[in-house]
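This briefing goes through selected local features of one protein chain, grouped by topic. Please keep the sequence and the structure open beside the text while reading.

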Amino acid sequence: MKFTLSWLKEHLDTDEPLEKLADKLTMIGLEVESIEDKAKALAPFSIARVISAEQHPNADRLRVCMVDTGDGGAPVQVVCGAPNARAGLISVFSPPGTFIPGKNITLGVGTIRGVESRGMLCSAAELQISEDHDGIMELPADAPIGKSYATWAGLGDPVIEINLTPNRQDCTGVHGIARDLSAADMGKLIDPGIKPLKGEFPCPVKVTVEDATLCPGFALRLVRGVKNGPSPEWLQKRLTSIGLRPINALVDITNFMTYDRARPLHVFDAKKVTGNLTVRRAKNGETLLALDGRTYTLDPSICVIADEHGVESLAGIMGGETSGCDENTTDVLIESALWNEINIAQTGRKLGINSDARYRFERGVDPAFMVPGLELATKMVIEFCGGSPSETVVVGNAFGEDRIIDFPLTEVKRLAGIEVPLVEMRRILGHLGFMVAGNGPVVKVAVPSWRTDVHGKADIVEEIVRIVGVDKVPMTPFERGDDARKPVLTAMQNRTRRAKRALAARGMVEAVTWSFISKPHAELFGGGQAELALANPIASDLSDMRPSLLPGLVAAAQANANRGFADVALFEVGQVFKGDKPENQFIAAAGVRHGFASSKGVGRHWSSTAMTDALDAKADAFAVLAAAGAPMQALQIVAGGASWLHPGRSGTIQIGPQNVLGYFGELHPRALEALGADGPLMAFEVILDRVPDAKKKPTRAKPLLELSAFQPVSRDFAFIVDRSVKAGDIVRAAQAVDKKLITDVSVFDVYEGKGIDPDKKSVAIAVTMQPREKTLTDQEIDAVAAKIVAEVTKKTGGSLRG
């Protein structure tokens, strides 16, 4: 929400400085996002006169200008490329050292094609006061040479932008903001009231509302004999200051009412409306050419205003171009209505329209201001355009429901911890528009019509506290008691944190992607069920809840590659949805690697060939599982993964066939094509919910394990086994011989080829034995080695390679 300081002072009688007003706005919940003070930003720019403009000796399109800056000194030489630079022109000059906002540069003394230039003659675009960049600014002949341009042009009115929470619709108008500041002792609210205009004749247009749930109230008035033209200069400046383009008086009045009083209105050219108006649901296939120049196809979920010819307006969102007002308009219908907030939001989202009217109506406008808003707009139309008004037609309820809350005075102390006297409560609530009856201990509080967000006692406490000041709420420590504090984080929260740290430590960058993906992508990763489709998706390609984190990560990796950053390693830890039941929603950890973003060394360099491969994805997955507390000795690797992975370059991680923890490997070419990504691309995904919890049983205290004083012994073994035998089976068989003595078993070589049968392979392992009590003798080492050979032979059917 944007407004200017002078606009605010039309509703608030105050002498407070801008900085104090801005601080108070933030303190009462209307957070100030920015303050744009053009007078301050454009202070170095002054009005100057071009004395002469000669052709540049070395450039056809440049002129060398001598400029009188009005400071009493010698003329300044400026090289200018504008086509309208000429002798006698009054324009805007910026000296060296000036920051040019439209170009985002600081001007210096320069030499252009061999000619020195000591300043700049500016266009409106370079000052960011309009989009005109065709030439330098041309000011009137009586503009004072040497004076500040911003001061002369009246740009000394700061523009304030506040960030509103969705419940504060009343502050989408400047009047509501002034009301809040008045309650916070920043000035006195200016609210003279609105006198109704007496109609001179009955309104010839009747209104029918077919569904009162979509339109609780509708008011209409005809004004005959108007002359539509440009709006007054003060109104045009108001609109321009907040980024709106003045169109004509009738349209500008409706825009002004939207921002000034949070009351969106619509004006129809009465001569373009056929017969009476009907508020109804649209029919399937009906279309409307709207004021934004787009044609919308409608359905029965959309509320419209129609005449006997067809649809003329999208209710509460945007009017139609056919019945819009222009310079030929002589009779105008002014509409002020109340609309169903949910229907407005759904229609706007469905059609992709974000209008100022939708922004306000979907939050709930003041119902009691429907008719007064129409009266005020009618008064402005007659003042600016002339004409005579009809009587007002009102259909439905012009007032909201009365809301009276029984409010115990002790609630402020109970909920906020501060003491506020009843007198101060009355003052605050009264300035905010509430009415308080009674003297306690319980008073009755009548809620004003424009505060549609206030429903209970806690809401009233919030109103009082935000005006008194949240800084007045005392810091109160929680009573800890004598018992030990319980853990703040759950087991899953701890598991999630550790997983993120483990992946970040492996050189991966965390990403946060949408929880929604397109239906084809969802189906590719095992989703796409009807119960996981969104009823009101924000976009067609975000229609389904994600069954996997990988589609979002692949899209992010491809977006980086498209911008020249192909070597990326991204991860995400978040929720995935396998069904609509809570037991089918899991926390997963996933990651992708592309290009040279290998865990063996990130980055492309002449000394490195560290292209990422499936083993990187496997290592990433194991790092996550180790950090999450998975029983690493019990993990099994099964060749082949999910359907979206390459069948020969992927694996499945499980603890038995009934508990699949996740997958890793290279993405299948078909999956890459469906996702629109370039390969090869490595990925993994594990389900953290499926990691078994650590066993919690009382055990005897064990002494800390110290480093052994005895030398470890390492022995190598090479076994001839069938090609179908997994190396992991050999490792587990060797480890099982003596788990206390054997501390490590690792595969260091796999050989297939000459000297080995075609259906066989050689797998070499290194076994480390760490004695604890004494040095092992040769006989003891040989005995353990024999057991290893026997156990591997028994479990795998292999034999020791000679």
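This is a predicted model: local features need pLDDT of at least 70, side-chain atom pairs count only at pLDDT 80 or more; totals for chains, interfaces and linings use all residues.

Is leucine 542 buried or exposed? Leucine 542 is buried, because its relative accessible area is 12%, which falls under the 20% limit used for that class.

**Two loop residues and their surroundings**

- Leucine 542 belongs to the loop that runs between helix 15 (519–524) and strand 32 (544–545).
- When neighbours within four places in sequence are left aside, leucine 542 is in contact with Trp514, Phe516, Ile517, Leu534 and Pro537.
- Threonine 322 is placed in the loop between strand 23 (318–319) and strand 24 (332–338), and with a relative accessible area of 52% threonine 322 is exposed.
- Apart from neighbours within four places in sequence, threonine 322 is in contact with Lys272, Leu289 and Glu312.
- From threonine 322 to leucine 532 the separation is 210 residues in sequence and 41 Å in space, taken C-alpha to C-alpha.

**Helix packing**

- Helix 19 (residues 727–735) packs with helix 20 (residues 778–796) at an angle of about 135 degrees, and the axes of the two helices are 8 Å apart.
- Helix 19 and helix 20 are therefore oblique to each other, and their crossing is right-handed.
- On the helix 19 side the contact is made by Asp729, Ile730, Ala733 and Ala734, and on the helix 20 side by Ile788, Glu791, Val792, Lys795 and Thr796.
- Sorted by class, the residues of the contact of helix 19 with helix 20 are five nonpolar, one polar and three charged.
- Helix 14 (residues 491–505) and helix 17 (residues 614–627) cross at roughly 145 degrees, with axes that come within 8 Å, and this crossing is likewise described as right-handed.
- Helix 14 brings Arg498, Ala499, Ala502 and Leu503 to the contact, whereas helix 17 brings Asp620, Ala623, Val624 and Ala627.
- The contact of helix 14 with helix 17 has six nonpolar residues, two charged residues and no polar residues.
- Helix 12 (residues 422–431) and helix 13 (residues 457–468) have axes 10 Å apart and pack at an angle of about 95 degrees, and these two helices are therefore roughly perpendicular to each other.
- Met425, Ile428 and Leu429 of helix 12 meet Ile460, Glu463, Ile464, Ile467 and Val468 of helix 13, and the residues of this contact divide into seven nonpolar, one charged and no polar.

**Aromatic rings**

- Across the whole structure, a search finds nine aromatic pairs.
- In the pair of tryptophan 234 and phenylalanine 384, the ring centres are 6.2 Å apart and the planes stand at 70 degrees, so the pair is edge-to-face.
- This pair links distant parts of the chain, since tryptophan 234 is in helix 6 (residues 233–241) and phenylalanine 384 is in helix 10 (residues 370–385), 150 residues apart.
- Tryptophan 234 counts as partly exposed, because its relative accessibility is 40%.
- Ring pairs also join Trp234 and Phe384 with Trp7 and Phe256 in a cluster.

**Backbone geometry in loops**

- The peptide bond that leads from glycine 679 to proline 680 is cis, with omega near -5 degrees, and proline 680 is placed in the loop between helix 18 (669–675) and strand 38 (681–687).
- Asparagine 104, although it is not a glycine, has a positive phi of about 55 degrees.
- The loop that holds asparagine 104 runs between strand 8 (99–100) and strand 9 (105–106), and asparagine 104 is exposed, with a relative accessible area of 59%.
- Alanine 262 is likewise a residue other than glycine with a positive phi, here near 55 degrees, and alanine 262 lies in the loop between helix 7 (249–261) and strand 17 (266–269).
- Alanine 262 counts as buried, because its relative accessibility is 7%.

Definitions and conventions
Residues are numbered from 1 along each chain as its sequence is written. Side-chain values use heavy atoms; hydrogens and water are left out. Axes are lines fitted to C-alpha atoms, for helices over the stretch in contact, and angles run from 0 to 180 degrees between N-to-C directions. Helices (H or I, at least four residues) and strands (E, at least two) are DSSP runs, numbered from the N terminus. Angles under 35 degrees count as roughly parallel, over 145 as roughly antiparallel, 65 to 115 as roughly perpendicular and the rest as oblique. A crossing is left-handed if the near helix is turned anticlockwise from the far one by less than a right angle, and right-handed if clockwise. Contact means heavy atoms within 4.5 Å. Ala, Val, Leu, Ile, Met, Phe, Trp, Tyr, Cys and Pro count as nonpolar, Asp, Glu, Lys and Arg as charged, and the others, Gly among them, as polar. Rings of Phe, Tyr and Trp (its six-membered ring) pair if their centres lie within 6.5 Å; planes under 30 degrees apart count as stacked, over 60 as edge-to-face and the rest as tilted. Buried means under 20% relative accessible area, exposed over 50%, partly exposed in between (1.4 Å probe, protein chains only).
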